[in-house]
Amino acid sequence: MRSDFMTDFDDIRPYNDSEVAPAIARVLATPELIRAVARLRFPHLSGVLPWLMRPLVHTYLQHQLRGVNTVDQLQEIIGHYLENMLNRRVSELTVSGLDKLQKDKAYLFISNHRDIAMDPAFVNWAMFHYGFDTVRIAIGDNLLTKPYVSDLIRLNKSFIVKRNISSPREKLKASKHLSAYIHHSIAEDKSNVWIAQREGRAKDGRDVTNSAIVSMIALSKPKPQDFGEYIGELNIVPVSISYEWDPCDAAKARELHAVQTHGRYEKAEHEDVASIAAGIAGEKGHVHLAFGDVLGSEYESTEQVAREIDRQVWNNYVLHPSNHLAYERLYSKPSGLPVTAKGCEFVAADYPEEQRELDRRLAGLLPEQQQILLSIYANSVVSHLKLAASAEDAAQE
């Protein structure tokens with residue numbers, strides 16, 4: 001890694017190989033992490049026999065990470081854990097669109113955002129298994145509430161998006177710095193980058209690109225350069241990630257209801273870290289990743305780029321039975337859209353198990369919260385229908 005890169009982006013970049021071993025040592029010396037891993041991996045035993053499970057987990061992690069001195073070595077171990085999670089918490093993982101991309105090119109993947117940790121993790125899994133280099137991941141500094149979390153994130157090829165800044169001047173400076181790093185990663189390091197289409201998760205299921213994200217990415221454009229040309233050289237690829245079940249759906253429904261009722265929602269301390277754990281450990285059902293087409297150089301504004309990302313994210317989003325069932329309960333009619341990656345016709349009576357699972361997730365929520373949870377799943381159908389209506393209107397003009 002070049003010395004100027006180390007100097008210019010030292011405050012936000014992922015860790016390099018020389019920093020891996022010291023960071024791992026710090027992480028393993030953190031009792032809170034050991035407790036968290038014990039609870040996640042052995043929830044019952046860690047509650048009954050914490051005095052036994054914690055030292056065993058610590059010893060196991062030390063053994064697993066012994067001799068790990070490079071980012072690639074660590075990624076292999078993380079990939080093993082991800083594979084185990086997929087086998088236990090994902091019924092099926094399907095991927096489309098990667099065959100259109102070139103393995104010797106670097107891409108800026110801009111995806112919808114539903115889960116803090118799993119969205120980029122699934123993208124990385126797909127990239128690795130299809131022979132692509134894994135991605136550098138944009139992570140907001142609001143998640144770095146603990147030093148060991150910061151170490152873990154930067155060990156896993158993540159770079160920091162600084163959000164906890166109050167001064168407009170400092171915000172602009174940080175955005176330019178981030179934009180320069182993203183451009184440097186793509187153009188100079190030839191490294192793939194993942195960033196969400198908006199700040200924060202789409203808790204309501206409406207995957208809409210914030211044009212401010214595109215504006216940030218374009219801050220590094222040299223003044224004489226054409227906007228479209230700059231966008232074209234970043235090789236932007238919209239990505240749709242669709243979960244059959246969201247492990248955090250009830251929590252999202254309660255949060256959205258609190259905002260609607262009281263005008264705000266107060267997060268508990270370290271709530272984002274708890275959401276990460278819930279997203280990893282929870283049942284997800286069928287997950288589909290759809291990689292879209294590379295954006296060209298024909299765009300004249302950030303709004304045009306944002307609209308095209310939306311179009312591809314909505315168009316490529318795979319609708320699961322959960323989406324259709326929620327839509328029919330809310331709107332009392334079928335959508336007429338296909339279901340699953342196979343594009344089958346949806347018939348509600350064919351999915352009794354999914355009906356029961358949806359009922360289970362609604363149980364315990366207030367009626368208003370139940371409506372919100374249904375909308376979380378149904379809004380992907382609404383986006384599809386909106387896109388189809390827009391295409392029909394355009395064809396008639």
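User: Does Glu-255 count as buried or exposed?
Analyst: First, this is a predicted model, where local features need pLDDT of at least 70, side-chain atom pairs count only at pLDDT 80 or more, and totals for chains, interfaces and linings use all residues. Residues are numbered from 1 along each chain as its sequence is written, and side-chain values use heavy atoms, leaving out hydrogens and water. Now the cut-offs: buried is under 20% relative accessible area, exposed is over 50%, and partly exposed is in between (1.4 Å probe, protein chains only). Glu-255 has 11% relative accessibility, so it counts as buried.

User: Where is Glu-255 found, and which residues does Glu-255 touch?
Analyst: Glu-255 is found in helix α12. Helices here are DSSP runs (H or I, at least four residues), strands are too (E, at least two), and they are numbered from the N terminus. Contact means heavy atoms within 4.5 Å. Not counting residues up to four places away in sequence, Glu-255 touches Lys-203 and Tyr-265.

User: What about Gln-225: which residues is it in contact with?
Analyst: Gln-225 sits in the loop between α10 (211–217) and α11 (227–233). With 15% relative accessibility, Gln-225 counts as buried. If you leave aside neighbours within four places in sequence, the contacts of Gln-225 are Tyr-230 and Glu-233.

User: At what angle do the axes of α2 and α8 cross?
Analyst: Axes are lines fitted to C-alpha atoms, for helices over the stretch in contact, and angles run from 0 to 180 degrees between N-to-C directions. Val-20, Ala-23, Ile-24, Arg-26 and Val-27 in α2 meet Tyr-148, Asp-151, Leu-152 and Leu-155 in α8. The axes of α2 (residues 17–28) and α8 come within 9 Å, and they cross at roughly 145°.

User: By class, what residues does the contact of α2 with α8 have?
Analyst: Ala, Val, Leu, Ile, Met, Phe, Trp, Tyr, Cys and Pro count as nonpolar, Asp, Glu, Lys and Arg as charged, and the others, Gly among them, as polar. Sorted like that, the α2 and α8 contact has seven nonpolar, no polar and two charged residues.

User: How is α6 oriented relative to α7?
Analyst: Helix α6 (residues 71–89) and helix α7 (residues 118–129) pack at an angle of about 105°, with axes 11 Å apart. Angles under 35 degrees count as roughly parallel, over 145 as roughly antiparallel, 65 to 115 as roughly perpendicular and the rest as oblique. That makes α6, relative to α7, roughly perpendicular.

User: Which residues of α15 and α16 make their contact?
Analyst: The axes of α15 (residues 321–331) and α16 (residues 352–362) come within 10 Å and cross at roughly 65°. These two helices are therefore roughly perpendicular to each other. Their contact is made by Pro-321, Leu-325, Ala-326 and Arg-329 of α15 and, from α16, Glu-354, Gln-355, Leu-358, Asp-359 and Leu-362.

User: Which helix do the buried residues of α13 pack against?
Analyst: In α13 (residues 271–281), the buried residues are Glu-271, Asp-272, Ser-275, Ile-276 and Gly-279. They cover an arc of only 150° around the axis (going by the directions from the helix axis to the C-beta atoms), which puts them on the same side of α13. The helix that the buried residues of α13 pack against is α7.

User: What is the phi of Asn-235 near?
Analyst: Asn-235 is in the loop between α11 and β6 (236–243). Its relative accessible area is 14%, so Asn-235 is buried. Asn-235 is a residue other than glycine with a positive phi, near 55°.
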